Amino acid sequence: MLAKSAVELVNRCYEETNSLMSLEILKESFIAFVFGNYQEEYVLRYDLENFYEHLDQLRLTNCRRDFDKAVEEWYMVQYGCDTKEANFHDILFTLVKEAIVEHQSQNRMELIRDVTKVLTLPNGFISRWQNGHMNDQSLPTYFKYLMKLGLRSNDDIETLVDMWLVEYPNAFDKKQQQLFANPPRRGRPNNVELALLVEKASQFKPEMTSQEKERLRKIYYYHRKTLTIREMIEKFKNYISSKNKTDDSQVG
C-alpha cells in the first residue's frame, strides 16, 4: 500500500522497529527504509522511475533536508514538541522505584539495566499497558506511549534514572530498598525508615547523647509525612549546630 504523505511513511518506518529510537537515529533509519524496504515494495508494483516521481509527490525531493523535515514533523505529532530536554511523566519515576525493589539494583548501571527490563520485557510494564488498552495492544503503539511519557531513546532512560537518583541518593542502601518495598502506612511510623534515619545521623554524629537521640526521634515523628530522610538529616544537623553554638557561648 502506497503512502499518502511523508509523515505516514515515517510512521511505517518507526513501526518496523518496535523499540526506543532517538530523533537522530530515526532520521538515519528513515532514509534507509525509504530506499530499502519501501522502494522494493514499490518497484514490485510499478517501476523505478515512477518511484522517484512518487517521492516528489510526497515532497521528498531533496534527500537529506526533506527527509529530516518529514521525521521532525512526525516527531512533533507523536511527542508534541521538539525539545531535547527531558520532560518525564511521574509514571516513569514510579517505574524506576518498582525496578529497584524488584531487582534490588546495586549501582547506577544495574538500575539503568533493570529499568530497561521493566520497560521492554513482555512480562514487564508492556503487559500492564496492554491490559489497559484492549483496542490496540501493538508494540508500535506502546513505544509511542513511552514517547509521550518522555522516553524517546535509551539515553532518556539513563537521564530518567539520574534524575530519580538525585531525589533518592541512598537508593542502593538495603534499608532504603526495604523502605521502598514497604512504605510507611498512613498514621503509623515505619521502623525501617526510623532505623535508616538513625544510621545516617550516626555517620556525622557517631556518639549521640540521650537528648540528641530523643531530638532525632521527635524530628522523625513530627516530619515523617512531609520531609524526606535527607531533609530530616539536615534538620538534625541544624539542631546539632545550634546546640554547639549555645554550648560555646555558655563556656565563653
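A residue is taken as buried when its relative accessible area is under 20%. The model examined here is predicted. With a relative accessible area of 10%, F180 is therefore buried. W164 is likewise counted as buried, at 3% relative accessibility. The ring centres of W164 and F180 lie 5.5 Å apart with the planes at 50°, so this pair is tilted. Distant parts of the chain are linked by the pair, since W164 belongs to helix α9 (residues 154–167) and F180 to helix α10 (residues 174–181), 16 residues apart.

Across the whole structure, 21 aromatic pairs were found. One of them joins F88 and F93 in an edge-to-face arrangement, with 6.2 Å from centre to centre and 80° between the planes. F88 is buried at 10% relative accessibility, whereas F93, with a relative accessible area of 22%, is partly exposed. A single aromatic cluster is made up of F30, F33, F35, Y38, Y42, Y46, F51, Y52 and F67. A charge placed over a ring occurs at F204, where the charged end of K237 sits 5.2 Å from the ring centre.

The largest nonpolar core comprises 53 residues, and L9, F30, L60, L119, L146 and L151 have the most contacts inside it. Helix α2 (residues 23–45) supplies eight residues, the largest share of this core. Another core, of 14 residues, lies apart from it and includes L196, M208, Y220 and Y239. Leaving aside residues up to four places away in sequence, L151 is in contact with L20, F88, L92, L119, L146, D156, I157 and L160.

Key
Residues are numbered from 1 along each chain as its sequence is written. This is a predicted model: local features need pLDDT of at least 70, side-chain atom pairs count only at pLDDT 80 or more; totals for chains, interfaces and linings use all residues. Side-chain values use heavy atoms; hydrogens and water are left out. A nonpolar core is a set of buried Ala, Val, Leu, Ile, Met, Phe, Trp, Tyr and Cys residues joined through side-chain atoms within 4.5 Å. Buried means under 20% relative accessible area, exposed over 50%, partly exposed in between (1.4 Å probe, protein chains only). Helices (H or I, at least four residues) and strands (E, at least two) are DSSP runs, numbered from the N terminus. Contact means heavy atoms within 4.5 Å. Rings of Phe, Tyr and Trp (its six-membered ring) pair if their centres lie within 6.5 Å; planes under 30 degrees apart count as stacked, over 60 as edge-to-face and the rest as tilted. A charge sits over a ring if NZ of Lys or CZ of Arg is within 6 Å of the ring centre and within 35 degrees of the ring normal.
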